[in-house]
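Here is a short tour for anyone meeting this structure for the first time. Have a look, then read on.

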Amino acid sequence: MNDDPIDAQLTERCPKVAACLGEPTCDPAFLLELLDEPIRHLAISIARHEGIGDAEEFADGAVFGVLLARKKKGPRITQWTNRGPQSLRSWLEMVIRHLARDHQRKLAVAARHLESLTLTPTWRDASMSEIADLLVAPFDTHELATIGTWKVQKRIEALCLGGLWKKVPPTVWENWLRDWESERQRPLARPFPPESFVFEGDDASSRITPLAAMLGMSPNTLSQRWSRHSHHLRQLRCLRELWESRSTAGEN
Amino acid sequence: MHDPMFIRANLAVALDHPALSDDSDTPAKREASWTVAVALGKARLFAASLDELEGVLPYSLALAAIAHFNERFPEWDEQTEQLDTTWDEITHPEEADHLLISTLRDRLDAWAAWVAIEELRQRNPTLIPTLDEIELRLESWDDGLNVHSDLIATLSEATLVLGWRNALVEPYRSDAPWWLTDEIDRIAHRSMETAVATMPNSDFWGVVQRRAMLPDFVPGPVLAASTEGATPTVRTMTWVHTDRTWRARLDYPDPSNDAEEDRLRR
């Protein structure tokens with residue numbers, strides 16, 4: 001004898017679900033009434049098994065994920081074609097496991113992006129005096145060593161788009177440019193970046209396209225590389241201090 | 001004859017594969033069947049003329065193609081899941097584009113094969129077993145690509161992707177994944193705006209521009225005053241204009257006594 005309440009519920013409700021799905025006027029509210037509880041139960045169980053933190057919240061999403069129409073597509077429940085009580089349970093479990101995987105995948109990517117997003121205050125809120133202070137002094141030896149651990153592409157791209165290459169001693173900068181040329185098998189005209197890059201315009205977007213062309217990539221690729229790598233700039237003492245002073249000012 | 005992508009030629013080669021005549025079910029036969037399904041499906045997606053090769057995917061090839069898909073899917077899924085970390089590791093932009101293109105090509109192939117298999121299923125629904133699991137796998141694959149939409153959108157102006165977008169015909173064009181619609185342009189635009197918002201602003205570049213008009217900093221007084229071989233000690237004086245838009249800085253050797261310091265400051 002099967003004591004699982006979900007099995008019992010699905011056995012009882014399955015013919016009604018199948019009948020509703022067979023009707024062109026199938027009422028989504030009726031499906032919600034029939035399946036809300038079983039889906040929640042299965043989702044919470046799968047969430048706990050998969051180590052999803054907020055199982056209740058995931059269960060809310062799973063109900064909509066199964067029953068709600070999607071862009072260009074009907075609700076997932078309409079894809080349940082082998083319509084019997086046991087198949088409904090295994091089908092629901094299969095769908096919810098896919099939803100759980102998607103949920104975790106999104107969380108993982110969001111976590112990877114979070115750090116880069118927190119860089120924004122460094123540039124946005126800095127005063128003219130703070131910017132001048134930042135630019136007037138060269139990087140110290142520790143900062144140069146840190147930058148030296150980055151891939152040479154990242155060094156050149158981040159320091160140019162960040163307007164910080166002048167803080168690198170000219171001989172060191174020249175060595176990095178040579179490393180870049182050797183790696184990419186592509187020459188860079190000197191001085192690099194050229195004066196025109198500095199006086200390109202007032203906003204950052206006007207510098208992306210010319211720099212991308214010089215570095216042999218599309219503007220989309222360069223801006224994406226900045227989005228994904230620029231948070232490394234905060235490893236540098238001068239920017240970290242600026243960021244922390246702005247954060248403290250914001251709190252006060 | 002309309003076949004700018006040489007789909008008919010690819011189908012002819014695929015149909016000629018010796019593994020297709022194997023009686024037994026082998027990996028080579030499954031892969032060859034997959035290739036046939038992909039070519040046939042692409043002929044539908046891009047309205048290619050097949051002439052004497054026109055027809056529906058044979059039942060045995062459909063089953064073998066499904067088996068191939070199920071075998072390969074974990075690898076494709078894993079590749080999609082790791083797309084951002086792999087992309088970050090790549091040095092050359094061309095290789096980064098290739099990684100994304102090959103991912104989209106695999107997904108496009110799967111879409112094409114699915115179209116060919118679905119065409120057979122429409123004609124005889126009982127012939128092909130339930131495909132719920134495969135549909136879910138394809139959806140999961142799409143979900144995985146959605147997570148990396150910012151990366152994939154870097155291909156919005158890639159020739160191959162533009163070619164696919166332009167060549168798609170109805171009803172498939174209306175049902176195309178986002179990376180074969182205007183949505184990829186919108187995502188690329190949004191990503192660019194997000195990146196620009198985290199870059200130095202016009203105030204910052206204004207200071208960079210003013211700095212660029214000045215000669216590079218040379219610690220002249222320090223060098224002039226220091227004795228050979230000794231490490232000079234440097235003091236710094238800074239002046240800031242009242243509106244804080246201009247700054248001056250002087251580095252000088254450490255004075256030997258207070259009187260000299262006072263004289264320097266005056």
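What percentage of the 266 residues in chain B do buried residues make up? The answer is 29%, where buried means that 20 or more other C-beta atoms, placed from the backbone, lie within 10 Å of the residue's own.

Before going further, note that this is a predicted model, in which local features need pLDDT of at least 70, side-chain atom pairs count only at pLDDT 80 or more, and totals for chains, interfaces and linings use all residues. Residues are numbered from 1 along each chain as its sequence is written, while chains are lettered from A and ligands numbered from 1 in the order in which they are written.

Chain B has twelve helices and two strands, taken as DSSP runs numbered from the N terminus (helices are H or I with at least four residues, strands are E with at least two). Along the sequence the pattern goes α-α-α-α-α-α-α-α-α-α-α-β-β-α. Of the chain B contacts with a separation of 6 or more, 70% join residues 24 or more positions apart; a contact means C-beta atoms, placed from the backbone, within 7 Å.

Now zoom in on one helix pair in chain B.

| Item | Value |
|---|---|
| H2(B) | residues 27-45 |
| H3(B) | residues 59-81 |
| Angle, H2(B) to H3(B) | about 105 degrees |
| Distance between the axes of H2(B) and H3(B) | 7 Å |

The axes are lines fitted to C-alpha atoms over the stretch in contact, with angles from 0 to 180 degrees between N-to-C directions. That angle makes H2(B) roughly perpendicular to H3(B), a label for 65 to 115 degrees. Among the residues that meet are Trp34(B) and Val36(B) from H2(B), and Leu61(B) and Phe69(B) from H3(B).

What about the inside? The largest nonpolar core has 87 residues, a core being a set of buried Ala, Val, Leu, Ile, Met, Phe, Trp, Tyr and Cys residues joined through C-beta atoms within 7 Å. Helix H5 of chain B (residues 93-123) gives the most to this core, with 13 residues. Leu57(B) is one of the residues with the most contacts inside the core. Leaving out residues up to four places away in sequence, Leu57(B) touches, among others, Val36(B), Ala37(B) and Ile117(B).

Finally, the two chains meet in a contact that takes 51 residues from chain A and 49 residues from chain B. On the chain A side, H4(A) gives the largest share, ten residues.

Note on methods:
Buried ≥ 20, exposed ≤ 12 C-beta atoms within 10 Å, placed from the backbone. Parallel < 35°, antiparallel > 145°, perpendicular 65-115°, else oblique.
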